[in-house]
Amino acid sequence: MGVQLLLDKISVKDIQLYDVYRAEGGYSSVEKALKLKPEDIVEEVKKSGLRGRGGAGFPTGMKWSFIAKPSGVPRHLVCNADESEPGTFKDRFLMEKIPHLLIEGLIVSSFALGSNTTYIYIRGEYAWIVDILEQAISEAEQHGWLGKNILGTGFDCNIYVQRGAGAYICGEETALIESLEGKRGNPRIKPPFPAVEGLWRRPTVVNNVETIAAVVPIINIGAEAYSKIGVGRSTGTKLISACGNINKPGVYEIDMTISVEDFVYSKDYCGGIKNNKKLKACIPGGSSVPILPANLLFNTADGKTRYMNYESLSEGGFATGSMLGSGGFIVLDEDQCIVKHTYTLARFYRHESCGQCSPCREGTGWMEKILLKFLNGEGRHNDIDLLWEIQSKIEGNTICPLGDAAAWPVAAAIRHFRHEFEQKIKI
Amino acid sequence: MIAFSTNQLQKFNQIVARYPEGKQKSALIPSLLFAQECFDNWLSVEVMDYIAQCLKITSIEVYEVATFYSMFNLKPVGKYVFEVCQTGPCMIQGAETIIDYIKKKLHIEVGQTTPDGLFTLKTVECLGACGYAPMMQQGKFYREHLTPEKVDQIINELTSKI
């Protein structure tokens, strides 16, 4: 196993309880951070190279540095716990098993950003995790880590948990903000960016659960040490949720220097393909990213070893590469039908399209119907081209990235598995 | 006339208190989830109008939100709702077998409720439990690694509660 920064204490008994967490050194990053200037923490996070762990991989420190500071206007930090990308269940694991890590990270981050009222927006289905988080918040409050004048510094902070009610789109930050304002989750046109006009038109930063948790080790070990873990622009560690036809589905922390092949076959991680089947394909970063056939998963098109990090997984662009995305690692064995799997994803995106933009609202349903035609053996040869054309007209033509997220899986399935579509054509 | 009990009203006020003065509309989604818990697990027009009144917003603001999110039931459902995930990762682990088994076992189709009003079957999209597939949400919790035997156990467990 590589370096563990987030899950290193996960096997400590009762680590979800405050006393145990504190005895293991928990909340020391708050003690350290609150002695610093907020801008120094932002600088530290910048130096660490931490990139947003929700999927987009945008540098966190840079996002923080964009927050506007008009005088007299409150600023907000909102934690995105609306984990809904198929294949992704890492934030849930973190919140369930070690909730205080998130709360600790939120206190430090709130201080850095000047947020006195911070919200955790959690998907509504994770109903029982709300209780776990509220318990952790109340324990942190009782011990003086939250509330008024934290550690005598004059900094006040409260954290509230807000449940969503079933909408993938609310993982998109402006849709999340709309939802937090009590509206439909329709993404906003940017600019203005949330850092300038976010929640209640106040400057707002929205960060993923894992991103916030990573702030804790950055403060504890320092940005320099953190940035030396990993490789290139993939610094630190990443949580990967692995599922599909593997022996050991679950959540793993990797340090981004491990090869994809080792991740799939090592007994410390996926443990190989279930029932000794052959690997057919893999969606390495959540359902939106391009599917890769086995031959492009372990090696790039020009024969280099592929690693589990941002750069290596995207090498070759969409023609022969994919993305690290959210770290939702879906493995398909030789028995799986790519057309059928793609159909379930197309249905998912049709269901989750908010309906604001016509290309996405109409295109996702159209793609679902054509894919169903193939599944029923009713596909025609020109339907493959039609499917390709529809996805290409959704991509880049919508307010938010859901359109792209719906288009990419269909495009990649046709790109790499056209023969499976052809086999389902009605002769 | 529908109304929160004194205890429920206290909980509702706590929800509203999470937001700054004048931003009480932000409490809408949590309030609707809470109202659903309080009033038979669905949102009738009467319930939605009541929430509008409690939050001092118009009824249409409530309707447009209630119709957007998949967790709001806009018609009555059974006492226990099985929401089986059918997205890719669950599909490849046999979600369809589970859905078919529940249909046969309860003699209902997806979207229907058993005549005794006990069970409703729904299919849903990804619930973030892909590593523990196939799975379903049942009330507040997830039921994971489902097999036909496990479905039987769950149905027996819930039936024996009555």
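## Ground rules

In this predicted model, local features need pLDDT of at least 70 and side-chain atom pairs count only at pLDDT 80 or more, while totals for chains, interfaces and linings use all residues. Residues are numbered from 1 along each chain as its sequence is written, chains are lettered from A, and side-chain values use heavy atoms, without hydrogens and water.

## A pair between chains

Rings of Phe, Tyr and Trp (its six-membered ring) pair if their centres lie within 6.5 Å; planes under 30 degrees apart are stacked, over 60 edge-to-face, and the rest tilted. Over all chains, this rule gives 33 aromatic pairs. In one of them, Phe89(A) and Tyr132(B) are edge-to-face because their centres are 5.3 Å apart and their planes stand at 70°.

Phe89(A) and Tyr132(B) are both buried (under 20% relative accessible area; exposed is over 50%, partly exposed in between, with a 1.4 Å probe and protein chains only).

## A pair inside chain A

Which kind of pair do Tyr265(A) and Phe298(A) form? They are edge-to-face, with 5.9 Å from centre to centre and 65° between the planes. Tyr265(A) is partly exposed at 41% relative accessibility, whereas Phe298(A) is buried at 11%.

In chain B, Phe4(B), Phe12(B), Phe34(B), Phe39(B) and Tyr50(B) make up one aromatic cluster.

A charge sits over a ring if NZ of Lys or CZ of Arg is within 6 Å of the ring centre and within 35 degrees of the ring normal. Arg51(A) has its charged end over the ring of Tyr310(A), 4.1 Å from the centre. Arg123(A) lies over the face of Tyr126(A), 5.6 Å from the ring centre.
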